[in-house]
Amino acid sequence: MGKTVWSIIFGSGSFQMDKTNEIDAFAPGLWALAGVASAISLLVAFLLVSNVKNEGGASPKEHVKRRRIFVAIGIIALIILALFTSFVVPSYIKPLGPLLSRYGSINFQSLGLFLFIYYVGGLGSSLLGKGKWATLTRKKTI
Amino acid sequence: MRCLESFIHLCAIGMMDEKEVHLLAIDTDHQNGNLNRLDQLISRYIAIRTYEREQAPARKDGYFTARINYYKYNTELSQKEGLITLSDKAGIRPGTVEKELADLLFSEDVQRLDLTHGYRGQTHMGSLLIYHELIDEVKKQIDLPPKDQVGKLVRFLKELRGETDARIFITGSIFGGTGASSLPVIPKFIKDAMMLFEDPQPIDKDVEFGGTLLSSYFRFNVDDTQKKREKIIADSAFFGLNSQTALIYYHDDPAISKNFQYLYHIGWPINATNFHKEEAGKTLTGGMAQENPSHPTELLSAFAAINFFERPSIATEARGSHTKYYRSANRIDQYFDFTFGDFSDGTRETLFEARLGTLFGFAFLLNSNSFKGDLSHFLSNVNESIDGYYSSLSERDIKPLEDFLKRFAFSISDSFVPGWLFELQKSAQYDAFLFEAFAFDSSKIKTFNWGSIYKSEERKFSFQRPVKGIKLPWRKSPDYSDAFDHFKDLFVKTYKDERALLDRITNPKERILKHLYITLHKAYNFE
């Protein structure tokens, strides 16, 4: 798998990145990780949101509960991803300094990509979708 | 009255699709609790079908599809204050010829019987009195100018004039007082009364008469002191004997064969249900407090009426025929294991199962913790998910439906109040009456999964949803909230899928009933 984020995750390599081009080559993997993480987070959010039952009463508030779950899943996933990319991955970079600074901007992009896919993708699919998922963006479910 | 109550509930679940019914209730006790309950039920039924002061025409495939026109007549005696007896009514004075004639026909106790609560099993007197009272009432009304002929009895008869394919069904017990007295004479009264109008029109030869021979099925205790004091009091110990005597009469009397084309034998050969109710230590003979629970025999009577109304007309060559029907059910020791088919005829079994159970399910939805009996909350709730589609309906518009459903199944205010279906189950003395036994457990009805009331597995809510089929490990067994969740998803889906059909229904009350009908049938897999 070479010097990629997947080698770190699956523990198949003990390597060090000490060149700028290695950091650059590492970036696509990190972006892919952000994409995969957002997809998994969206799936988890979808399952949890869809499992929030329609409530009785004159003014049901289940859509509020669903929105909170959606936001919370995004934040929790972001924190987990950030902990991994900000603390685990840098231990594979030596020497720190300029390489870490270069990695920092890539890391920032990957976290941004995660947020973009998760929230924009999630809310966009809610707008176009139906059922309980649709209540993330509107009260009606159709 | 309770047979009519069952009939109204059957109309409510949609067993009388596309039919217009003219319903005449005759009672000798105008304060009777069961009569008041019937009045209330019918006025709610009509209110449910009425929008902008117009009752909807008869419809099909839905709830409350039959159009009902209600006529009520309380005998004159029941509305008078104080003690009224046969002697008063007939003006019998001691030492007169009338008194001697009365002594030949009626005992002294019968002549002095208080008639304000009916005929108390004295059918030989009751038939005479009811026939003449009804005829006198018609004569009285007909003597008035046409615009003043507002009596319900005359209005009912006017509806019958010129009808060539009308069916007249008469229901009442044959072992008691008022019903037993009236049943044999009502066809004669109708035929005779039609000739009293200014331009008499005999009843059409194709008009058919049917009726129930409803024999003894309930009992009550009689207080000996009261019996001694009042001399004549209905005593359920004689109901069996009364039934036997009446059946011999109905079998042998040629006038019955001539007047009735169809008669339906209905009985209850197991433990008679005890309707005993006391007020101040006194057995109730009638009045406001007499509000007895419903019984499966009354439901069978209502189905007999439906069978009669649905029958093909008698062929010309068979005119004058007389047929008696009976139906048996699976009896296990001291209870009946009724199926839906035991009540309806073979072709309508699934229809009855579907329509009774789905509306029963909706009654659970209404009374569960989801809405705690408030239908306006349900309406607000669903409106939020379907663009306020039913926002034109006010709380006042839907209140009759809420009240009707509470009487149909049950209600919970301070305590649990059984409705018609729960009363049937209790009177049947069988826990799993048509539905699962837990559906009748009053301690759990606010919280249990009402999607599982049917005994058949295929009629239980599946709770299988796309992707959500992955059950999260912490989700407990389904309860009322899961049932509502499933229902609401389907309700919203129905709004989307059946929008064109719903839009065509201009009366929003009818529209929401149709919407509920489709959704509930989908939910219980009756599509």
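Reader: Where is B:Glu384 found?

Author: Helices and strands are DSSP runs, numbered from the N terminus; a helix is H or I with at least four residues, and a strand is E with at least two. B:Glu384 is in the loop between helix H16 (375-383) and helix H17 (395-408) of chain B. This is a predicted model: local features need pLDDT of at least 70, side-chain atom pairs count only at pLDDT 80 or more, and totals for chains, interfaces and linings use all residues. Residues are numbered from 1 along each chain as its sequence is written, and chains are lettered from A and ligands numbered from 1 in the order in which they are written.

Reader: Is B:Glu384 exposed or buried, or in between?

Author: A residue is buried if 20 or more other C-beta atoms, placed from the backbone, lie within 10 Å of its own, exposed if 12 or fewer, and partly exposed in between. B:Glu384 has 17 other C-beta atoms within 10 Å, so B:Glu384 is partly exposed. The C-alpha atom of B:Glu384 is separated by 37 Å from that of B:Tyr70, 314 residues apart along the chain.

Reader: What share of chain B is buried?

Author: Of the 527 residues in chain B, 43% are buried. Chain B has 21 helices and 16 strands.

Reader: In what order do the strands of the open sheet stand?

Author: Two strands pair if DSSP finds at least two bridges between them. In chain B, 4 strands form an open sheet in the order E5-E6-E8-E12, with parallel pairing. Strand E5 (167-170) and E12 of chain B are at the edges with a single partner strand each, so one side of each has no neighbour in the sheet. From one strand to the next, the twist averages 20 degrees.

Reader: Why is strand E8 of chain B called largely enclosed?

Author: In strand E8 (residues 262-266) of chain B, 4 of the 5 residues are buried, so the strand is largely enclosed by the rest of the structure. Strand E6 (residues 208-214) of chain B pairs with E8(B) over 5 bridges in the parallel sense. In that pairing, B:Gly210 has B:Tyr262 as its bridge partner, and B:Leu213 stands opposite B:His265. E8(B) also pairs in the parallel sense with strand E12 (residues 323-325) of chain B, over 3 bridges; here B:Thr323 is the bridge partner of B:Tyr262.

Reader: Which residues have the most contacts inside the largest nonpolar core?

Author: In soluble globular proteins, nonpolar side chains tend to be buried together. A nonpolar core is a set of buried Ala, Val, Leu, Ile, Met, Phe, Trp, Tyr and Cys residues joined through C-beta atoms within 7 Å. The largest one has 123 residues, and those with the most contacts inside it are B:Cys11, B:Ala12, B:Tyr45, B:Phe360, B:Ala363 and B:Phe408. Helix H15 (residues 349-367) of chain B gives the largest share of this core, 9 residues. A second, separate core of 23 residues includes A:Val49, A:Leu81, A:Val89 and A:Tyr103.

Reader: At what angle do the axes of H15(B) and helix H21 of chain B cross?

Author: Axes are lines fitted to C-alpha atoms, for helices over the stretch in contact, and angles run from 0 to 180 degrees between N-to-C directions. The axes of H15(B) and helix H21 (residues 508-523) of chain B cross at roughly 100 degrees and come within 9 Å. Residues are in contact if their C-beta atoms, placed from the backbone, lie within 7 Å. The contact involves B:Ala354, B:Thr358, B:Gly361 and B:Phe362 of H15(B), and B:Leu516, B:Leu520 and B:His521 of H21(B).

Technical notes: Contact = placed C-beta atoms within 7 Å.
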